[in-house]
Every structure is written in C-alpha cells, then in structure tokens.
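Good morning, and thank you for making time for this presentation. I would ask you to keep the sequence and the structure in view while I speak.

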Amino acid sequence: CTTRHYTFNIVQKNVTRLCKTKSIITVNGKFPGPRLIAREGDQVLVKVVNNVTNNITLHWHGIRQLRSGWSDGPAYVTQCPIQTGQNYTYNFTITGQRGTLFWHAHISWLRSTLHGPIIILPKKNETYPFRKPYKEVPIIFGEWWNADPEAVISEALQTGGGPNVSDAYTINGRPGPSYNCSSKDTFKLKVKPGKTYLLRLINAAMNDELFFGIANHTLTIVEADAVYVKPFSTSVVVITPGQTTNVLLKTKSHHPNATFIMAAQPYSTGQGTFDNSTVTAFLEYEGKNPSNKNAIFTPTLPQFNATSFVANFTKKFRSLNNPKYTIANVPQKVDKQFFFTVGLGTTPCNQNSTCAGPNGTKFAASVNNVSFALPATALLQAHFSKKSNGIYTTDFPTNPQNPFNYTGTPPNNTLVSNGTRLVSLPFNTSVELVLQDTSILGAESHPLHLHGFNFFIVGEGFGNYDPTNDPLNFNLVDPVERNTVGVPSGGWVAIRFLTDNPGVWFMHCHFDVHTSWGLRMAWIVLDGPLPSQQLPPPPFDLPKC
Ligand code: C2O
C-alpha cells in the first residue's frame, strides 16, 4: 500500500458561465475540483490550505473513515472549520472500498463549487468483476447559480422562504447548448466504436435528484456508492445528490456518423419551485469524416414527477453477493430499532413580523420533529473530551413523539422543535432504521446520507410503514449497500448497519436546503473494549473554533 499526498489550496477564481463572469471558491483554481485517485488500501493525506475569507471544511463523501473520524469533515460535527490562512491535513486509509465517491465542502452551501471525484481503483493485481473498460470517464453533475450560492441560502434563512432555484445544471462543470450563451460551453465525450467505457456518475447537485440518459445507448449499472452491484441495463439512470453510480457504456460497433445527446433533468415531487431545466452534453464518435454528421439524437427521460419509474429503478439494485468482492454482510439480527420521520415543517417568525414561509412562518425541516441545531464547537471533540454539557444531549427520540398518519392528511401543527440531540450507541450494535417520509407541506423524496458507514437497504414501500407486515418482505439475502438512499416520496425505506466505527457520525438529507433547515442529526458510536475498536486522539493540527 502507498501513501498519496495531495495539496488542496482553497482559492478564489474567476469563471464565466451563462454569459456572466464571477469569482467562485475552488480547489486549486479548478471547477469542478481535481480528482483524488487512490487504490483500495492506500493512505491518503490531503493538506487543505484556506486562502479565502470563508471558513472551510472538506468531506470525503462515502469514505468509511474507520477510526479516523477526525478526518470526516462536516463542520461543527467532527471538526471546527479551517479559518482563513490556516491549514489542516485530512488523513485516512481507504479500507474495503473501491469505485467512485466524491469530496465536497461541508459547511453552509460551499459545496456548490467545491467538489470533485474520488476514484478508488482496486488493489494491484485485483480486477473488476466485469470486463476491463477501454477508458474511464468521471461525469459529475452540478448546479449553477448566477448569484453567489452563499447569498442565496443566507437570504432564504433570513426571510424564512425557499431559496432561489439554480440557473442551470452542469455536466463536468458545463451547462451545454440548452442554456443561454453556453453552446460552446458543452462537455463532449469522444469515443471509439466497439469499445466499453466506464462512466463514473456523481450527483453533486445541491437540491435535485436527476434522471440521466444517452440517446440510442444502453447503460449497464455495475456499482453504486463504491460497492459493486449485480449488473443490470437501463436507458435512464436515477441519481440523488450524494449518490455515485458506475455504468458501462458499450459504443456502437460501426461509426454512426451522428451526435448523441446526453441529458440530465430533475426528478422532483416537492410542492415548491425547482430548477426544471435540462443540461445536455455530446457523445461523439472519433474517426474518419462522417458524411452526414448533422444527425442528432435526443434521449427520452421520464416526467419530472415520475415516482413509479424511480421506485422500479431503485428496486433493481442488488448487492453482488459474491464472497470474492463482499466486504460486509447484511446484519441478520437487530439489536436496536429506530423509526424516524423525515420531512418539512415550520418555525414561528419573530414577534410582530411575517416571514416568507408557509402562512407567514419560516420553513424548517426535521427528523422525528427535531430540527437539529449545530453547536458552536465540534461534537466529536466534546464527545472525545467528555464535555457534552451545554453542547449536546443524547436523548434523540427513537420514535416520533406524537405519531400521526404520516402520508395522509397532515396535522394542523407543523411546528418543529429545535435541539442538538444525538443517539448514543455501544460499539458493534446492529441497527435497523426505518425512515418515513411525511406529507407535512407535501410528500417529497429525501436523499438521506449517513457518514461513517454503508448501510443495507432491506425494504422500501409507499404509504405508512407497517411494523407487523412490512418486515416479512425484507431482503436479507442480497440487499444493496450504499451511503445515500432516496426515501421514497410518500413512502418509507428500512436500512440496517453495524456500528463498527467509533466516533460521531452525521446523518442528513443531501438536499442542502433541507439540511440548512435542520433535516439532520448525529449518532455517537462509543469505543469498543479493544484498542482496535477505539477512536485515537485528535491530530495536532485539528482546527479550533
Ligand atoms: Cu455528502 Cu454530509 O455529505
């Protein structure tokens, strides 16, 4: 195994999109950011130097961070931010993972421009469970605002209303010809006929799940969230923010003399407005001069609210269930059960004023009606030094305190409570968690992301979860293993994971607007009895608040 050294300088950079030039925050002046490449088993050191006026943290989304919670990155959860002029070296070893993940800023909305691919190759002498692709290409989806995204979210939090939607989606940072002034600003994938390409799809968009397809080409899904899956083919991929999906693209055997459009557009079921535009890029064949090069084919994507399409698609994911590639097994027995509602809600406006949220209130979001407040110091440090007093409590409700018909007529009272309440669990607890969407202010899919673990998706369905009958249909044989799951709009999902990683682990909706509104919480996993089950002390350069 090797040690890989990276230096990520956080710097402002002028970029032009949609006819406007503005300064954005980048890593090393690149947008999207640089690729981090390593092999399974490698140690990775990333020195992050903050040269901008904003506070910064970076998160290595999906990296397990086994006993390296100090390098996980969510601000005020595992670390205080890196302040202007300061630096911090993230230090982690990639254990039992290979595939595609991504890194992104984990403070406020800075991840809108601070993100890039993580590519984990198999160990030397190990192969993919599919034929070696001719070439590998990261395809990263993003969301672009003409305004400063930090201003967009801070205005929304002040007025209590929904934030302005983005002005464009991007593929590898480029909006493409369906947007103003952007026909030259288009990502082009040049391919050779008769070859297999591995596309590493990453949804780094802020607030939108996406449909993606390539005209006249079928895609074979082989991996999700850096875990191999049983291959299946599809013409449309659904990908939530926080998810990564590897697909094989087999090119046509003869030069087709045409341009094939690749497109992504939103899947959205919420009541609010969303960016309903389409980003396009081109798939073109290299080679001799085609006579009728102007033939252009467009992919067909589902309706923006095609929930049944999404449900059918997500059901196709199955773990490979091949001992050669399996790292973890689905927990067969459960030590601790949790039932969490996830959804929107409201908080009152300040006295004598009206806010832009529902009925003059402010928008909020919660888990079991708790809208999670981040502390002014880092939870992991408070936990490690046993100084939780005044910072957090460990009384997060295991069930909704006032049960209601979650997917029926919403209750009149939409108020959430605020708190920094966590769940504390012993090492090696087998957890079953049911995440139930609520129809408060409209049913909506929520891409829930768990830090520090992969989980197995053992069941999902529409309506209210039925604790008697639904578990009878759980898949405990080959459920897919992921780090981000779309809780179905108007439905539920059941996941299982083993608390084999001591630390404090964030869980939140990967729609940044919902995270900002409080749809987040954290799990404490206590040390086990053996030294190899304990969180080491913090590194010397851990930032201070
Ligand atoms: Cu991709 Cu907590 O984040």
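This is a predicted model: local features need pLDDT of at least 70, side-chain atom pairs count only at pLDDT 80 or more; totals for chains, interfaces and linings use all residues.

Let me begin with a definition: strands, labelled E, are DSSP runs of at least two residues, numbered from the N terminus.

Is Leu441 buried or exposed? Leu441 counts as buried, with 20 C-beta neighbours inside 10 Å; the cut-off for burial is 20 or more.

Ser108 is not a glycine either, yet its phi is positive, at about 50°. Ser108 sits in the loop between strand E7 (99-105) and strand E8 (115-121). Ser108 is buried as well, with 21 other C-beta atoms within 10 Å.

Two further loops deserve mention. In the loop between strand E2 (20-27) and strand E3 (36-39) we find Pro32. The peptide bond that joins Phe31 and Pro32 is cis, with omega about -10°. Asn54, in turn, belongs to the loop between strand E4 (43-50) and strand E5 (58-61). Asn54 counts as partly exposed, since it has 18 C-beta neighbours inside 10 Å. Which residues does Asn54 contact, leaving aside its neighbours within four places in sequence? They are Ile25 and Leu110. The C-alpha atom of Asn54 is separated by 34 Å from that of Asn359, a residue 305 places away along the chain.

I turn now to the helices. Helix H1 spans residues 149-159, and its buried residues are Pro149, Val152, Ile153 and Ala156. These residues cover an arc of only 90° around the axis, which means that they lie on the same side of H1. Helix H4 (512-516) is included in what covers the buried residues of H1. Just after H1, Gly160 adopts a positive phi of about 85°.

Neighbours within four places in sequence aside, Ala522 is in contact with Val77, Leu379, Leu422, Val504, Trp505, Phe506 and Met507.

Finally, the division into domains. The domain assignment gives domain 1 (1-125), domain 2 (130-318) and domain 3 (336-533). Between domain 1 and domain 3, the C-alpha centres lie 25 Å apart. Their contact takes 15 residues from domain 1 and 16 residues from domain 3. What is the make-up, by class, of the side of domain 1 that touches domain 3? That side has 7 nonpolar, 5 polar and 3 charged residues.

The UniProt record, an unreviewed entry, carries the annotation "domain: Plastocyanin-like" for residues 11-124, 136-287 and 396-527. Over residues 136-287, the chain is 7% helix and 47% strand, with the end C-alpha atoms 19 Å apart. Over residues 396-527, the figures are 4% helix and 42% strand, with the end C-alpha atoms 20 Å apart.

Thank you for your attention; I would now welcome discussion.

Note on methods:
Residues are numbered from 1 along each chain as its sequence is written. A residue is buried if 20 or more other C-beta atoms lie within 10 Å of its own, exposed if 12 or fewer, and partly exposed in between; C-beta atoms are placed from the backbone. The arc is that of the directions from the helix axis to the C-beta atoms. Two residues are in contact if their C-beta atoms, placed from the backbone, lie within 7 Å. Domain bounds come from an automatic or database domain assignment. Ala, Val, Leu, Ile, Met, Phe, Trp, Tyr, Cys and Pro count as nonpolar, Asp, Glu, Lys and Arg as charged, and the others, Gly among them, as polar. UniProt positions are given in the numbering used here, feature names are shortened, and annotations may be inferred rather than shown by experiment.
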